[in-house]
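Let's take a walk through this one together, a stretch at a time.

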Amino acid sequence: MNKVINNVTDAVHGIEDNMTLMLGGFGLCGIPENSIAELVKTGVKGLTCISNNAGVDDFGLGLLLQNKQIKKMISSYVGENDEFERQMLSGELEVDLIPQGSLAERCRAGGAGIPAFFTPAGYGTEVAEDKEVRTFNGKPHILESALTADFAIVKAWKGDTEGNLVFKATARNFNPMMAMAGKITIAEVEELVPAGGLNPNEIHTPGIFVQRIFQGEKFEKRIEQRTTRTK
Amino acid sequence: MALDKKGIAQRIAQELRDGWYVNLGIGIPTLVANYIPEGIEVEFQSENGILGMGPFPFEGEEDADLINAGKQTITTMKGASFFDSATSFAMIRGQHVQLTVLGAMEVSENGDIANWKIPGKMVKGMGGAMDLVASADNIIVAMMHSNRAGVSKLLKKCTLPLTGVGCVKKVVTDLAVLEIKDGAFHLVERAPGVSIEEIQSKTEGSLIVNGEVPEMSL
């Protein structure tokens, strides 16, 4: 089944005000930067964005924040972004902070047809407020519900016309779970190959989870913390 | 003399055991990787999706797709693997990782830890810390004994929003190694030249001292 979309404009078609989006990436690593830039252009607003981080002030989801297009963020870590912190502390932006592992599992559950699950993470903290607690093997756990989204936008290294995806290194992060949890999943890839161009043994996300795929025009792939050693 | 951050990391490295998978948090914990004792093999996990994390890359060899949980560019060791975030936290929650080392703003005498939020001032988020402390059997907190204002970080009760309850069993600070059990800090070792009295005066929570407390050997 051919999932190829000609360009980023067509790829994000149908994303409307007040929708819920999932966006893959950890920090600036493995984020769908072409799609984010396009959403800035469309000016769509009132978005609820589920993403581990919120980018930095001038890149990634930070661009949508600067533009006041985001109503609510569901994330685990939002440091390194002054505009985010400002909007959150002033109350302009709704923020739901949840443990990183719970965020990943909630997305996975959403895509896997599991409505909720128990986890020990967050027990006895603010995260557990208003959540059911149950003890298993003598240890208290809290009930966390699945997450889904109107659109999931992921970024992969390689993809084929069937929507099969291969990720590179730690740019994989949240992308595979979010691909599963979107009603419509958009994949932007660095290299789009014909069906048969990827080894079926090495596919990370099977094409069934992807509805639209396109090759991104350019990837800046900005580095957040450039750390090196000397020879 | 009180230890510097490197000294704290060096002392924690003595806790590493051959064959362990270890998760190091941001800050002082990251430095532990520089002091792996000779003759043992450990593998570092970073919760953004890598096992077998190596040192920073040489200049010009940085890869934007290869970072650690602190978003720093890294390299891989031979035999490394990459995985998604759900698998990564399956390793953590499923107790496949033998040791977690992380920083803290406060630790209490019953093992509670706070390290993700200062209400009204700083909200960075918990990242993977809540998953890590809720699941790991073996957690070491690496931190300074007092904050910049000179206030003890080892308390009867945490004042900041908690990251986890009753989970910390060992703390290594610039002054001491302490074990947490039966609702108190037990002084195990002193930093070289640091007196029991100094540690006592800088520990707000209950401190148990049993006889002669040895100095750390670094």
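Helices (H or I, at least four residues) and strands (E, at least two) are DSSP runs, numbered from the N terminus. This is a predicted model, in which local features need pLDDT of at least 70, side-chain atom pairs count only at pLDDT 80 or more, and totals for chains, interfaces and linings use all residues. Residues are numbered from 1 along each chain as its sequence is written, chains are lettered from A and ligands numbered from 1 in the order in which they are written, and side-chain values use heavy atoms, with hydrogens and water left out.

Start in chain A, with strand E6 (residues 133-136), where you'll find A:Val133. A:Val133 is partly exposed, at a relative accessible area of 43%; on this scale buried means under 20%, exposed over 50%, and partly exposed in between (1.4 Å probe, protein chains only). Together with A:Tyr123 and B:Val165, A:Val133 makes a nonpolar surface patch of about 210 Å². A patch takes residues with over 30% relative accessible area and no salt bridge, joining like charges within 9 Å and nonpolar side chains (Val, Leu, Ile, Met, Phe, Trp, Tyr) within 5 Å. A salt bridge here is a side-chain nitrogen of Lys or Arg within 4 Å of a carboxyl oxygen of Asp or Glu, and the areas come from the Shrake-Rupley method with a 1.4 Å probe, with only the protein chains shown counting as cover for residues.

E6 also belongs to an open, antiparallel sheet of three strands in chain A, ordered E5-E7-E6. Its edges are strand E5 (116-119) and E6 of chain A, each pairing on one side only. From one strand to the next, the twist averages 40°. Two strands count as paired if DSSP finds at least two bridges between them; E5(A) and strand E7 (residues 139-145) of chain A have four, running antiparallel. One pair to look for is A:Phe118 with its bridge partner A:Leu143 in E7(A). Helix H5 (residues 100-112) of chain A packs on this sheet, touching E5 and E7 of chain A, and its direction makes about 155° with that of E5(A). Contact means heavy atoms within 4.5 Å, while axes are lines fitted to C-alpha atoms (for helices, over the stretch in contact), with angles from 0 to 180 degrees between N-to-C directions.

Now for another helix of chain A, H2 (residues 33-42), whose buried residues include A:Glu33, A:Ile36 and A:Leu39. What covers the buried residues of H2(A)? Among the elements doing so are H1, E1 and helix H3 (62-66) of chain A, along with strand E8 (149-160).

Over in chain B, strand E12 (residues 170-172) and E13(B) pair antiparallel over three bridges, and a hairpin of three residues joins them. B:Lys170 has B:Glu179 in E13(B) as its bridge partner. E13(B) is also joined to E14(B) by six antiparallel bridges, with B:Val177 partnering B:Glu189 in E14(B). That hairpin has two residues between the strands, and B:Asp182 takes a positive phi near 50° there. Is B:Asp182 buried or exposed? It counts as exposed, at 74% relative accessibility.
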